[in-house]
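Here is a guided walk through a predicted model, going from one spot to the next. Keep the viewer open as you read.

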Amino acid sequence: MSARRRERWYSMEGQRRIHRSALESTKGPRHLISLVVLLALTLIAMRQVSDPKRVGRVASAVGLLPSGKTASDTLSSEQEKVPENAISPQPIHSNEKTDGSQAQEDPKLAATKAWILVSSSPDIESQAQILSRLLDAAPANLVSNLAFEYLIAKSSEIPMMELNENEVKERTAWLGDSKKQILRWTELSESLSRDHSLLTNLWKLFDRLSEPIAEEDLAPPELKDSFKAFQLALDRALLNQFADNTPWRSSDRVPLMRTTQRAVSIGEAVKDGTLVPEALPSVAIPQLMGDTDSLRGRTVRIAGQIALVDQAASLTVADPRISDYGVLWLRPDDGSNQPIIVHVPKSLAIPDEELAKDRSVIVSGIVAKRRAYASNRGGEIAPVVVAAHIQAFDPAAPIAFAGLTEEQRKSASIWQQPLPVKRWTPPADISGALERIEQRIGPRIKPIEALVAEQSLDDPNFVEALACDQAVQATLDGLQRVTDEVQLAADPTGQGRRLKDSRIRECRGLITQVRRVPIEKEPFPGWPWKEVYVCSLEPHPADEPNSSCMIMTQHVPSQWLRTSELRQPVIARGLAFDVANAKAKTLLISPAVQWREEATAASSDSTATVGDSTSYAPTLPAGWTALLKRGWNLDWIDTIEGLQGKPMTARESQAFYSMLGCSKQPFDAAQIAGLETPKGKETANNQTLSVMQSIQRAETRKSKRDAPGQDAASSGYRVKGVAEVRRVQRVDVRNPQEQQWLGADHYYQLDGFADIGNSRITIRYDESVEPIVFEKEFPVTLVALKVPDSLLVDAADAIPGEAQAWYPRTRVSVSGWFYRMWRFKTTQVSEATNNKEAQQGPLLVIDRFDDPPARQVSGASNTSPQWIAITTLAIGIVGGLWILRQVRQELQSGRRKR
């Protein structure tokens, strides 16, 4: 049968025949038109090729050139002579921009960033963070000497003072230790990474710091940037030497000199018009008194009236331009009686008539410290501001302000930025961790491999025998001793992600079953564990399908052993064995499982739903669910409950700081209302406890010796109450690991008394000591990352020599998590028990402060005022009649005697 015409038309042979006939039929003007069009396209292409920028963009788009480089840039760079030992500060695999945008920044804006101790260059900023870590280990006098040499003397051309023998030894020892530390970090970092090149440049800089050097002595541009980072790190380290709540100390001399020097530079910029004072942020007294650490070193504006012109002061240094200053006592215009001490450098050349008493001024200056001084009321504290510019104004008239230009607005936005608080994290030693793990469990890997290959994990009898095998027991014991190394090597977010073929792995998912395997025969003398737990893990949806896992561990949360239905999220890290002949594709021997979810930005946000625990079995309290979604390990509850009524210990540091870090995002009012338990419907799984309920649950737990179940636990529950805050203290956290858990470098501790209703708590210490009774209120300790400004106000009973503290005596409504009952020293209990006993009270992690409800009259009832008045009147009448009767009887008896 012959093909149809339609089929012949659409066939490949038909299409080729049609194109061939069309090409052969093209004659006459068609050839000429084609040649003209081709010539025009050729001319256009030649013109485009002559533009190097266009060629560079095309080459970058197709991957022939690095992003952002043009052909002319490449040509010029090839013509330049590059030294053989030159190291580019920009790494090959860096995420930073390389289009030269940093180099094109306005010099005025770059100078503005230098005034607020922030660098415009990301490389300088990163190196400054590395150097700050090294300067933390340096003695305070060494930091002062380095700052005097490379900051103060360099800027003012002051001759450097001679160092004594001990100071020379300290500098040499610190430089040697720092070079070794930098070399170690360089070896641990990847050779093509940005940190590697920055560390290499810092090592070269430290190799030259053994002798005094100047910035012009550093020939390579990379070393000049490293030297600028060194100066920036010194400036930041000096700010930490200011001692708050104390008079001027000798350790404050160099920091005050440098702060005065910076203030003079900023004052000169105001005179030149580079900086407009209106671009600086305005502050008030609560900020200066409460947020001194965050404001220290920053330039701010504050208005007030000169209350006192003090005598001029001077520091014992060689340069009078920096050391001499006048002192003003400023009364702020906010109506408070808290003075501000203003240092006015003589080099600003401000006329004396502008610094007269009772004159209203606006001071722009750098915040230094809080200084203790003596007054008629005793010791008091006032913030110190080193003035850079003083402007007189009339309080009755509005301040004339013409507005900022576009350039000044950019500068103003820079002043609003906070000082960088990011702490550089050194590269982790993965190879060292693997070596320590290999030393502990290496010889036992092959025996376990042989056991797993012979049998199937689907056989319960084999799993039980495997859990009791000596090789598995020894592996569990070895992993228990290198838990930190296992966590480091298996962390997929860190450098452990390179260990794809390593046996140290991480498994995530839902625990669906837990089986206890008793150890009848101890494998070694003094074996501490009596059982091993075998857990079935349902894989996380993000992992590979059918990648179920069986976990062998020595400890599981006690709450899992008290339920018939189990479905809880975990993250487990340990030694993994792949099994091919079983449903469980992986056997994981883990020292411990973490009962938590992977914390994300969405789960830690305040708008996230915290009461949604329907996917878990058993249903968890709302407080536990909130902690779970914020990445907190609920397995810590067993440890915390075992420490009820005891002092704080180092073993709970991670649990405490991590829970406090979870309070960074507070709950909103709607969520708090949804967590509250209606009256009359209190159950064992209350959503929110009162302070008294949390104390009762904790005391009940202390009386039980067995492991806590969910019904008996109190730690991690949401708690709400009203407390009168007597004292607020700022607690600095200096350990880098604890700072990482906390997510900050400090927190606030609030001591006071919490309302417990009409309850009474009696504490008996000894038969020879009278019991201490608390009615309607009980001592409480609150910890929080942030507190309202209204609480950071000093009272008249402040102690100048004490650490940073405030005494507000204010009632607040608080909500947060109940941590546990803890023991702490108090004057009342110490005096009553001859310093043998301590006070016990609830420790609450607070994430929300609200205005307290109106204080109710003590002992008030629901009886209406009308009935109260009638009852009172009746009692008064009856009492009066009884008194008249007694008087009448006495009169009658007297008459009879007569």
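Is Asn145 buried or exposed? Asn145 is buried, because its relative accessible area is 16%, and buried means under 20% relative accessible area, exposed over 50%, and partly exposed in between (1.4 Å probe, protein chains only). You'll find Asn145 in helix H8 (residues 140–156); helices (H or I, at least four residues) and strands (E, at least two) are DSSP runs, numbered from the N terminus. Asn145 and Val254 sit 109 residues apart in sequence, yet their C-alpha atoms are 8.5 Å apart in space.

A quick word on the ground rules. Residues are numbered from 1 along each chain as its sequence is written. The model is predicted, with local features needing pLDDT of at least 70 and side-chain atom pairs counting only at pLDDT 80 or more, while totals for chains, interfaces and linings use all residues, and side-chain values use heavy atoms, with hydrogens and water left out.

Now for the helix packing. Two packed helices are described by the angle between their axes and the distance between the axes. Take H7 and helix H9 (residues 165–188): their axes come within 11 Å and cross at roughly 130°. The axes are lines fitted to C-alpha atoms, for helices over the stretch in contact, and angles run from 0 to 180 degrees between N-to-C directions. H7 and H9 are therefore oblique to each other; angles under 35 degrees count as roughly parallel, over 145 as roughly antiparallel, 65 to 115 as roughly perpendicular, and the rest as oblique. On the H7 side, the contact (heavy atoms within 4.5 Å) is made by Ile130, Arg133, Leu134 and Leu135, and H9 brings Trp174, Ser178, Gln181, Ile182 and Trp185. Sorted by class, the contact of H7 with H9 has six nonpolar, two polar and one charged residues. Here Ala, Val, Leu, Ile, Met, Phe, Trp, Tyr, Cys and Pro count as nonpolar, Asp, Glu, Lys and Arg as charged, and the others, Gly among them, as polar.

On to the charged pairs. The structure holds 26 salt bridges, each being a side-chain nitrogen of Lys or Arg within 4 Å of a carboxyl oxygen of Asp or Glu. In one of them, the side chains of Arg194 and Asp123 meet at 3.1 Å, N to O. That pair links distant parts of the chain, with Arg194 in helix H10 (residues 194–208) and Asp123 in helix H7 (residues 122–135), 71 residues apart. Both Arg194 and Asp123 are buried.

Which strands does the pair of Arg811 and Asp755 link? Arg811 is in strand S17 (residues 810–824) and Asp755 in strand S14 (residues 746–763), 56 residues apart. Their side chains form a salt bridge at 3.2 Å, N to O. Arg811 is buried at 18% relative accessible area, whereas Asp755, at 30%, counts as partly exposed. Elsewhere, Asp244, Arg296 and Arg370 are linked in a network of salt bridges.

Asn245 has a positive phi of about 60° although it is not a glycine. Asn245 lies in the loop between helix H11 (221–239) and helix H12 (253–272), and counts as buried because its relative accessibility is 3%. Lys776, in strand S15 (residues 772–784), also isn't a glycine, and its phi is positive too, near 65°. With a relative accessible area of 34%, Lys776 is partly exposed. Finally, the peptide bond from Ala617 to Pro618 is cis, with omega near -5°, and Pro618 is placed in the loop between helix H22 (601–604) and helix H23 (622–629).
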